[in-house]
Amino acid sequence: MPRKPIAQLSFSRIYPLLVQKAERKGRTREEVDTVTCWLTGYDRDGLERQIARDVTYETFFAEAPCLNPNRTLITGKICGIDVATIEDPIEQNARYLDILVDELARGKALEKILRT
């Protein structure tokens, strides 16, 4: 069975997996929400609405109020691919979110994760 492109994945199905990854390492859903809101510009209510609407990653990022310009400061590799070299903006933003949650799970301070 061929893999779905990231853009077509349901954000509401992926989001709980991101929360579980963080919670397994002692972090909280609130912290996942904080990094997600930082990346996308959603407030918590807006984030909850998108989850309830069962939007795709494509819609989630297309409707984001204001993608954080500092997201380009996020570096690292996902599955051996440097996130800075990903050409598809939806996939790149999804991978940025993955990296932010990975940093949470590794115990990095929230202030450093948010590149402040």
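Guide: Val 35 is a place to start, and it sits in helix 2; helices (H or I, at least four residues) and strands (E, at least two) are DSSP runs, numbered from the N terminus. The model is predicted, so local features need pLDDT of at least 70 and side-chain atom pairs count only at pLDDT 80 or more, while totals for chains, interfaces and linings use all residues. Residues are numbered from 1 along each chain as its sequence is written, and side-chain values use heavy atoms, with hydrogens and water left out.

Val 35 counts as buried because its relative accessibility is 0%; buried means under 20% relative accessible area, exposed over 50%, and partly exposed in between (1.4 Å probe, protein chains only). Leaving aside residues up to four places away in sequence, Val 35 touches Leu 100, Val 101, Leu 104, Leu 110, Ile 113 and Leu 114, where contact means heavy atoms within 4.5 Å. The C-alpha atoms of Val 35 and Asp 88 are separated by 21 Å, and the two residues are 53 apart along the chain.

Val 35 is also part of a helix pair. Helix 2 (residues 29-40) packs with helix 5 (residues 89-105) at an angle of about 145°, and their axes are 10 Å apart. Axes here are lines fitted to C-alpha atoms, for helices over the stretch in contact, and angles run from 0 to 180 degrees between N-to-C directions. From helix 2, Glu 31, Val 32, Val 35, Thr 36, Trp 38 and Leu 39 meet Asn 93, Tyr 96, Leu 97, Leu 100, Val 101 and Leu 104 of helix 5. By class, this contact has 9 nonpolar, 2 polar and 1 charged residues; Ala, Val, Leu, Ile, Met, Phe, Trp, Tyr, Cys and Pro count as nonpolar, Asp, Glu, Lys and Arg as charged, and the others, Gly among them, as polar.

The partner, helix 5, has 17 residues and reaches 24 Å from its first C-alpha to its last, close to the 24 Å expected at 1.5 Å a residue. The expected span is 1.5 Å times one less than the number of residues. Gly 107, with a positive phi near 90°, follows helix 5.

The buried residues of helix 1 are Phe 11, Ser 12, Tyr 15, Leu 18, Val 19 and Ala 22. They lie on the same side of helix 1 because they cover an arc of only 110° around the axis, the arc being that of the directions from the helix axis to the C-beta atoms. An α-helix has 3.6 residues a turn, so residues three or four places apart point the same way. The cover over these buried residues includes helix 2, helix 3 (44-53), helix 4 (57-62) and helix 5. On the face turned away from the buried side, helix 1 carries the exposed residues Arg 13 and Arg 24. Helix 1 itself (residues 11-24) has 14 residues and reaches 20 Å from its first C-alpha to its last, close to the 20 Å expected at 1.5 Å a residue. Just after helix 1, Gly 26 has a positive phi of about 85°.
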